[in-house]
Amino acid sequence: MRILFAVSLLLLAGCAAQTAAITAGGSQVELRQMQTREYDTLDRRGTLRSVVATLQDLGFVIDKADFDLATISATKLQDYEIRMTVIVREREGNRLSVRANARFNEQPIEDPQSYQDFFAALDKAMFLTLHKVD
Amino acid sequence: MIRPLLVALIALLLSACATLPDDAFRLTESALALRELQTRQYEGVSEVDILSASSALLQDLGYAIDEVEKELGVLSASKRADARDPTETVGKVMLDVADCLLTLLFGCENDSYQSSKDVQDIKLTLVVRPDLSQESVHSVRVTMQRVVWARSGALYDQETVNDAEVYRAFFDKLSKSVFLEKGGV
């Protein structure tokens, strides 16, 4: 009897864990900050094109690209898999914010270094786009 | 004495297979060399014409177009293709047969043939963008990756395609397709 109770408890716990994953993570201010960079421009097209070029530079293949929603999704396949989504939004003061979030295999990437590296690469592409040689 | 060592070894193995490589988001030297390989420039052809020439070529090659975003010059496509290497497959079958003959008394449980390559899913992105410094010049960049499945249905390999020959062959065909597009064929 007791064993049955323990087993059902275990099963219930299993269910709870599965659904908890749906809303797990998110809303951490720190995470948001390290995943976001702002640029002094309103050139949405140029910014999105720079994001695409940077992702290609880093070995990603683009899964989805939407200009109207300013959203890019991409995948990198090596011995591992990285899935990345980048969203560009307008901000106050004629600025655009670029937010990137990525998963490494099944785990969300939450170390600042990865995002710093990504934005360092994006900075270079953005510089070239925003200072076109005329 | 042995136990801590064993634990350390297992920890090392586990961390080795589940750690994000340091350079995953870094522009390395090889990444820049790869960019050269994956890029070709076209002069005097509009972005839309290059995109339609590209989708025509991808259709020629048996790809399905998964995603097109004209505003950003992005086109993604995929196909499933044979991944069998005839020599490898024959070799593995022979190995299985030889193994079976040797273990005839104990029964044959070899399945190295099952672990040989079978099909591959190829996915590529093609991006057209105006050259930043030259008028009426567009650069086309293609990146490809593939997932190879074993006969048993298990994952055999997944990789980004870095083979120079593959990109050269692709761009040779694309150049022809762009030429035909210009001529309205």
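The exercises below walk through a predicted model of two chains, each with a worked solution.

Residues are numbered from 1 along each chain as its sequence is written, and chains are lettered from A in the order in which they are written. Because the model is predicted, local features need pLDDT of at least 70 and side-chain atom pairs count only at pLDDT 80 or more, while totals for chains, interfaces and linings use all residues; side-chain values use heavy atoms, with hydrogens and water left out.

**Exercise 1. Describe the make-up of chain A.**

Step 1: Begin with the elements, where helices (H or I, at least four residues) and strands (E, at least two) are DSSP runs numbered from the N terminus. Chain A has four helices and six strands, and from the N terminus on they follow the order α-α-β-α-β-β-β-β-β-α.

Step 2: Turn next to burial, where buried means under 20% relative accessible area, exposed over 50%, and partly exposed in between (1.4 Å probe, protein chains only). By this rule 40% of the 134 residues of chain A count as buried.

Step 3: Finally consider contacts, meaning heavy atoms within 4.5 Å. Among the contacts in chain A with a separation of 6 or more, 47% come from residues 24 or more positions apart.

**Exercise 2. Work out how chain A and chain B meet.**

Step 1: Count the residues taking part, which are 42 from chain A and 40 from chain B.

Step 2: Take the buried area, that is, the accessible area (1.4 Å probe) that two parts lose on being put together, summed over both. Chain A and chain B bury about 3,400 Å² between them, and 54% of this lies on carbon and sulfur atoms.

Step 3: Count the polar links. A polar contact is a pair of N or O atoms within 3.5 Å; within protein, one must be able to donate a hydrogen and the other to accept it, and residues adjacent in sequence count only if both atoms are side-chain atoms. Between chain A and chain B there are 22 residue pairs in polar contact, with both residues at pLDDT 80 or more.

Step 4: Locate the side of chain A that touches chain B, to which several elements each supply at least two residues, among them α3 (44–57), β2 (61–66) and α4 (112–130). The residues on this side divide into 21 nonpolar, eight polar and 13 charged, where Ala, Val, Leu, Ile, Met, Phe, Trp, Tyr, Cys and Pro count as nonpolar, Asp, Glu, Lys and Arg as charged, and the others, Gly among them, as polar.

**Exercise 3. Trace the salt bridges that join the two chains.**

Step 1: The search finds 16 salt bridges over all chains, and the count between chain A and chain B is seven.

Step 2: Look at D63(A), which lies in strand β2 of chain A and counts as buried at 13% relative accessibility. D63(A) forms a salt bridge with K123(B), the closest N and O atoms being 3.0 Å apart, and the side chain of D63(A) also makes a polar contact with the side chain of R83(A) at 2.7 Å.

Step 3: Consider K64(A) and E67(B), whose side chains meet in a salt bridge (3.1 Å, N to O). Because K64(A) lies in strand β2 of chain A and E67(B) in strand β2 of chain B, this pair joins two chains. K64(A) is partly exposed, with a relative accessible area of 47%, whereas E67(B) counts as buried at 11%.

**Exercise 4. Follow strand β3 of chain B to its partners.**

Step 1: Two strands pair if DSSP finds at least two bridges between them. Strand β2 (residues 64–69) and strand β3 (residues 74–82) of chain B pair in the antiparallel sense over five bridges, with I65(B) opposite A77(B).

Step 2: In the hairpin of these two strands, which has four residues between them, G73(B) takes a positive phi near 70 degrees.

Step 3: On to strand β4 (residues 117–130) of chain B, which runs antiparallel to β3(B) and is joined to β3(B) by nine bridges. Here A77(B) stands opposite L124(B).

Step 4: A salt bridge links D121(B) with R80(B), the closest N and O atoms being 2.8 Å apart. D121(B) in strand β4 and R80(B) in strand β3 of chain B are 41 residues apart; D121(B) counts as partly exposed at 24%, and R80(B) is exposed at 55%.

Key
A salt bridge is a side-chain nitrogen of Lys or Arg within 4 Å of a carboxyl oxygen of Asp or Glu.
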